[in-house]
Amino acid sequence: MSTTDSLTIDPFAFRQFQESDASRDYSGTVFNISMEEFTKIANSRYDEKELKDGYAPFCKHLFIRNDFTDAKVNVLPITPENESLLRCKYEARNDKELPVLTRRFPKDLVVTPDNPLPVAKYLDLILYSREQINKENEAMGDDSTSDTPWGIVSIKAQDVDYELPMQPITVMRNALGKDQGGSGVPLDREKYMEAFNYWNDHAVVD
């Protein structure tokens, strides 16, 4: 456990917190807990030895128990019964990225009082190194105003303590240049097919 802050929430992930105006247009997991409190808890549970490799050397995952938020699992298997409820739309994660086609289950069609989404057992904190964040910020004309070693760029609520495949469109987006919202990492066909095999049968709920 670190004695000084190793993690901070990167502005890219502000949209996942209700206190941020950006959360109003975000369709993923949004936390009621404040960013300050979340950061405090995340740092208290940080252990460098527990970091897991991500899709590139600058990306790591930290899995922590979700015993302090009410974040729900937001991925469902696609079945013959719910396939007709899938919806598609073009969206960008911010105004500097290119819109891409996504698909999802609208929450109001698949979640009911008798069939709620379960509270997630774990949170997957997706971390980027400060060096990578600075490179991407420079390309996009942004500034994270932080010098902690790791920035939390995304948080996934899930029931397993290992990485779920990122969506195929995210794999492709990451292969774009930093000036288009990507990370500049060449597309790995094997990783892409892993993502396809999972997301071909699953979709997010928003």
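These legends accompany views of a predicted model of one protein chain.

**Figure 1. Secondary structure of the chain.** The predicted chain holds five helices and nine strands. Their order along the sequence is β-α-β-β-β-β-β-α-β-α-β-α-α-β. With a radius of gyration of 17 Å, close to the 17 Å given by the globule rule for 206 residues, the chain is as compact as a globular protein of that length.

**Figure 2. Extent and contacts of the chain.** Along the principal axes, the C-alpha atoms occupy a box of roughly 50 × 35 × 35 Å.

**Figure 3. Burial and surface of the chain.** Buried residues make up 45% of the 206 in the chain. The accessible surface amounts to about 11700 Å², and carbon and sulfur atoms contribute 50% of this area.

Figure 4. Cys59 is buried, at a relative accessible area of 1%. Cys88, by contrast, is exposed, with a relative accessible area of 57%. A disulfide would require a pair of cysteine sulfur atoms within 2.5 Å, and by this rule the model contains zero disulfides.

**Figure 5. Charged side chains.** The chain carries 24 positive and 36 negative charges. The mean position of the positive charges and that of the negative charges are 2 Å apart.

Methods
Residues are numbered from 1 along each chain as its sequence is written. This is a predicted model: local features need pLDDT of at least 70, side-chain atom pairs count only at pLDDT 80 or more; totals for chains, interfaces and linings use all residues. Side-chain values use heavy atoms; hydrogens and water are left out. Buried means under 20% relative accessible area, exposed over 50%, partly exposed in between (1.4 Å probe, protein chains only). Helices (H or I, at least four residues) and strands (E, at least two) are DSSP runs, numbered from the N terminus. The radius of gyration is taken over C-alpha atoms; the globule rule is 2.2 Å times the number of residues to the power 0.38. Accessible areas come from the Shrake-Rupley method with a 1.4 Å probe; for residues, only the protein chains shown count as cover. Lys and Arg count as positive and Asp and Glu as negative; His and the chain ends are not counted. The place of a charge is taken as NZ of Lys, CZ of Arg, CG of Asp or CD of Glu.
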